[in-house]
Amino acid sequence: MLVPPPGSHSNEYGIIRTFASDEERKSFYASPAFLAWKEKVSSLTEGEPAYKELHGLEAFFRNQTTPNPPHWKMAVATYLGVVPVTIFTSQTVGQLLKGQNYFVANLVGNACVVALLAWAVMPLVTRILKRWLH
């Protein structure tokens, strides 16, 4: 649950929900349990709720206490992660695959870049740049 920062005059709260698929998300929002809950809490809210889907890079930068950073900051942070990973991968995996089929070498190299970014580098970059991003 997202709550306003201490000392803020905001009365805006949020809930983050993650779904395995688009079908699961649609099913949840159409379910009798969700619709009954939405009706029950409607007297506690002002206006209609706003729904925002996170795609791609935004998911790396979601934070429970602050809004997402501007897109340009997400792009800079991603660039700072991509550059060393692509250099490292080209000097390691790229050298191992030298002389292999161009497409196979690129598929393997890019898979390594994506894996390193998703599970190692972007979590580290977002942790290091947390103050600047938010």
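Trainee: Which helices supply at least two residues each of the lining of the second largest pocket?

Mentor: H4, H5 (93-96) and H6 (102-128) do. The model is a predicted one. H6 gives the largest share of that lining, six residues.

Trainee: What makes a residue such as Thr89 or Tyr102 part of the lining?

Mentor: A lining residue has an atom within 4 Å of a point of the pocket. Thr89 and Tyr102 are among the residues that line the second largest pocket, including also Ser90, Gly94, Gly109 and Val113. The space in this pocket is about 220 Å³.

Trainee: Why is Thr89 called buried?

Mentor: Buried means under 20% relative accessible area. Thr89 has 4%, so Thr89 is buried.

Trainee: Why is Tyr102 called exposed?

Mentor: The word exposed is kept for values over 50%. The relative accessible area of Tyr102 is 59%, so Tyr102 is exposed. Tyr102 sits in helix H6. Between the C-alpha atoms of Tyr102 and Ala77 there are 29 Å, and in sequence these two are 25 residues apart.

Trainee: How do you know that Thr89 has a polar atom within reach of Val85?

Mentor: A polar contact needs a pair of N or O atoms within 3.5 Å. A polar atom of the Thr89 side chain is 2.7 Å from the backbone oxygen of Val85.

Trainee: Which residues is Thr89 in contact with, leaving aside its neighbours within four places in sequence?

Mentor: Gly94, Gly109, Cys112, Val113 and Leu116. Contact here means heavy atoms within 4.5 Å.

Trainee: Where does Thr89 lie?

Mentor: Thr89 is in helix H4, residues 71-91. H4 has 21 residues and spans 30 Å from its first C-alpha to its last, close to the 30 Å expected at 1.5 Å a residue.

Trainee: Which residues of H4 are buried?

Mentor: Lys73, Met74, Ala77, Thr78, Gly81, Val85 and Thr89.

Trainee: How do you know that they line one face of the helix?

Mentor: Looking down the axis of H4, the buried residues fall within an arc of 125 degrees, so they line one face. The face turned away from that buried side carries exposed residues: Trp72, Tyr79, Ile87 and Gln91.

Trainee: What makes Met74 one of the buried residues?

Mentor: Met74 has a relative accessible area of 2%. The cut-off is under 20%, so Met74 is buried. Met74, which lies in H4, is 47 residues from Val121 in sequence and 14 Å from Val121 in space, C-alpha to C-alpha.

Methods
Residues are numbered from 1 along each chain as its sequence is written. This is a predicted model: local features need pLDDT of at least 70, side-chain atom pairs count only at pLDDT 80 or more; totals for chains, interfaces and linings use all residues. Side-chain values use heavy atoms; hydrogens and water are left out. Helices (H or I, at least four residues) and strands (E, at least two) are DSSP runs, numbered from the N terminus. Buried means under 20% relative accessible area, exposed over 50%, partly exposed in between (1.4 Å probe, protein chains only). A polar contact is a pair of N or O atoms within 3.5 Å; within protein, one must be able to donate a hydrogen and the other to accept it, and residues adjacent in sequence count only if both atoms are side-chain atoms. The expected span of a helix is 1.5 Å times one less than its number of residues. The arc is that of the directions from the helix axis to the C-beta atoms. On a 1 Å grid over the protein atoms alone, a cavity is a set of points where a 1.4 Å probe fits but cannot get out, and a pocket is an open set with protein on both sides within 12 Å along at least five of seven lines; lining residues have an atom within 4 Å of a point. Grid points are joined across faces, edges and corners, and a volume is the space filled by probe spheres set on the points.
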